Amino acid sequence: QYRTPIWQAINRIAPNSIHLAYATICSVEGYHDKGFGEQIAWDEPMLEGYNYTNLGTENGKPFSGWKSLTGKGVKAIIQKLQPKAILLTGLNYQFDQVALWEARRAGIPVYLRCENQDKAFPRPQWKSLLRTAYYKQIYSLIDRFYYIGQLNKQHYLAHGVAEEQLFPAHYFTVDRFTDLSTTEKKIARTRTRTKYQIANDRYVIGFSGKFISKKNPNLLFEMLDYLPSELRARTVLYFMGSGALQDKLKETARTYEATYGLKTVFTGFVNQSEIAAHYLAMDTLILPSRQLGETWGLVVNEAMQAGCSVAVSEFVGSSKNFKLWERFKVFEDNNAKQLAEKAHELASYPRDFDWASEGLKDYSLDACVQAILQSFERNDKTKPHYSDSLA
């Protein structure tokens, strides 16, 4: 759901220049998402606006392991399309690596835009050495790299990729607020708060995502013990999402309601078309993820587009890009006291729907698409003009 707008935009600018070869379209048809703990089907038209083929390579449950998306049909689609280049969006499955090898065999340049970085997981030295050797070998077969952020770029440079092979194509989320006036945003904010019985003077601290250990949502409750009593008395916690920790979080919410009289809202899973109003209802978003694979944290982009201030743990990948922004704070991993200090700082700012708008221009759909298209215009025979085919 975060990549589809790129393909749609490229096809609008250069019609019929792109063809998507999908290993699976289960996120459209519906599948059981382990993190959310329920059946998920994104509710936006993700298969419209560009040409695509669904190869249907599922082997068992999709995304459950390297062989869960096979290379079935990859060679045939490459031979049929005869693309001038192949853009991969990951290297996690057999599907991806078959596409890489078939492209190399056919002499087709390969490009990569994915979220690899070196800080997302702790690793013993031997594993890091093996990983480095693996990526250096794989990356030597790839012609061009689009980096999503600072840590992603550092990863490529550390694994043998030359600076001239790197192009910025930052992670972004579709801006669902750009066409809303300030008045419309205020109305949506008030309507959502009224729905959940949140008074206008409450300070709403939100969490958005899967209720899993990696995301560490319970830290929002632990933070409350360190907030100044005046701020805590007007604070509301707002959990948007679902997952395995949901029952535990609701039990903890009851404890804190009994202790501090604190109100907690659980919205349940919210689909893409409905999320805007929930972010507008919040004042601050907190993403307290542990070192378990939070390579970026796209909810951060969504929250800042709505004008929320943000606090994230040091292991959220986007923190390296946004840490110097005025209303963006970074705290130590699992440090509830430090998180409370950051939340207290952010509570001093008045709600401003547009504080991050200028900075987010570099993290927008337009910036990403233009970076990709402009890189195709380089006068290099291995780097095609954007009007050529891209699979």
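Over which residues does pLDDT stay under 50, and how many contacts beyond four places in sequence does the model have for them? In this predicted model, the stretch is residues 379-391, for which 40 such contacts are present. Where pLDDT is low, the predicted coordinates should not be read in detail. For the protein chain as a whole, the mean pLDDT is 93, and 95% of the residues reach 70 or more.

The largest nonpolar core comprises 65 residues. Met223, Leu237, Tyr279, Met304 and Trp325 have the most contacts inside this core. With residues up to four places away in sequence left out, Tyr279 touches Phe177, Ser208, Met240, Leu285, Val299, Glu302, Ala303, Ala306, Cys308 and Arg351. Another core, of 28 residues, lies apart from the largest one; Val74, Leu88, Tyr139 and Leu166 are among its members.

Phe207 is located in strand β9 and is buried, with a relative accessible area of 0%. Beyond four places in sequence, the contacts of Phe207 are Lys215, Pro217, Leu220, Tyr238, Phe239, Met240, Met282, Leu285, Ile286, Leu287 and Pro288.

Helix α1 (residues 4-13) is largely enclosed by the rest of the structure, because eight of its 10 residues are buried. These buried residues are Thr4, Pro5, Ile6, Trp7, Gln8, Ala9, Ile10 and Asn11. The elements covering them include β1 (19-22), β5 (86-88) and α15.

In helix α6 (residues 150-158), the buried residues are Leu151, Asn152, Lys153, His155 and Tyr156. Their cover includes β6 (110-112), α5 (125-139), β7 (144-147), β8 (166-168) and α13. Gly160 follows α6 and has a positive phi, near 90 degrees.

Helix α13 spans residues 319-322 and contains Ser319. This serine counts as buried because its relative accessibility is 2%, which falls under the 20% cut-off. Leaving aside residues up to four places away in sequence, Ser319 touches Val312, Ser313, Glu314, Phe328 and Val330.

Empty space within the model was examined next. Rolling a probe the size of a water molecule over the atoms shows where empty space is left. Two cavities of 30 Å³ or more were found. The largest cavity holds about 40 Å³ of space. Its lining consists of Glu115, Asn116, Gln117, Ile148, Gly149, Gln150, Leu151, Asn152, Thr295, Trp296 and Gly317. By class, three of these lining residues are nonpolar, seven are polar and one is charged. Leu151 and Asn152, which line this cavity, are also among the buried residues of α6.

The second largest pocket contains about 290 Å³ of space and is lined by 17 residues. Among the lining residues, Asp175, Thr178, Gln305, Ser357 and Ser364 lie nearest the centre of the pocket. Two or more lining residues are given by each of α12 (299-305) and α15 (365-376). The lining of this pocket has seven nonpolar, five polar and five charged residues.

Most residues other than glycine have a negative phi, and most peptide bonds are trans. Phe63, which is not a glycine, has a positive phi of about 70 degrees. Phe63 is placed in the loop between β4 (51-54) and α3 (74-81) and counts as partly exposed, at 38% relative accessibility. Gln197 likewise has a positive phi, near 55 degrees. The loop between α7 (182-195) and β9 (203-210) holds Gln197. At 66% relative accessibility, Gln197 counts as exposed, since the cut-off for that class is over 50%.

Terms used:
Residues are numbered from 1 along each chain as its sequence is written. This is a predicted model: local features need pLDDT of at least 70, side-chain atom pairs count only at pLDDT 80 or more; totals for chains, interfaces and linings use all residues. Side-chain values use heavy atoms; hydrogens and water are left out. On a 1 Å grid over the protein atoms alone, a cavity is a set of points where a 1.4 Å probe fits but cannot get out, and a pocket is an open set with protein on both sides within 12 Å along at least five of seven lines; lining residues have an atom within 4 Å of a point. Grid points are joined across faces, edges and corners, and a volume is the space filled by probe spheres set on the points. Helices (H or I, at least four residues) and strands (E, at least two) are DSSP runs, numbered from the N terminus. Ala, Val, Leu, Ile, Met, Phe, Trp, Tyr, Cys and Pro count as nonpolar, Asp, Glu, Lys and Arg as charged, and the others, Gly among them, as polar. Buried means under 20% relative accessible area, exposed over 50%, partly exposed in between (1.4 Å probe, protein chains only). Contact means heavy atoms within 4.5 Å. A nonpolar core is a set of buried Ala, Val, Leu, Ile, Met, Phe, Trp, Tyr and Cys residues joined through side-chain atoms within 4.5 Å. pLDDT is the predictor's confidence in each residue, from 0 to 100.
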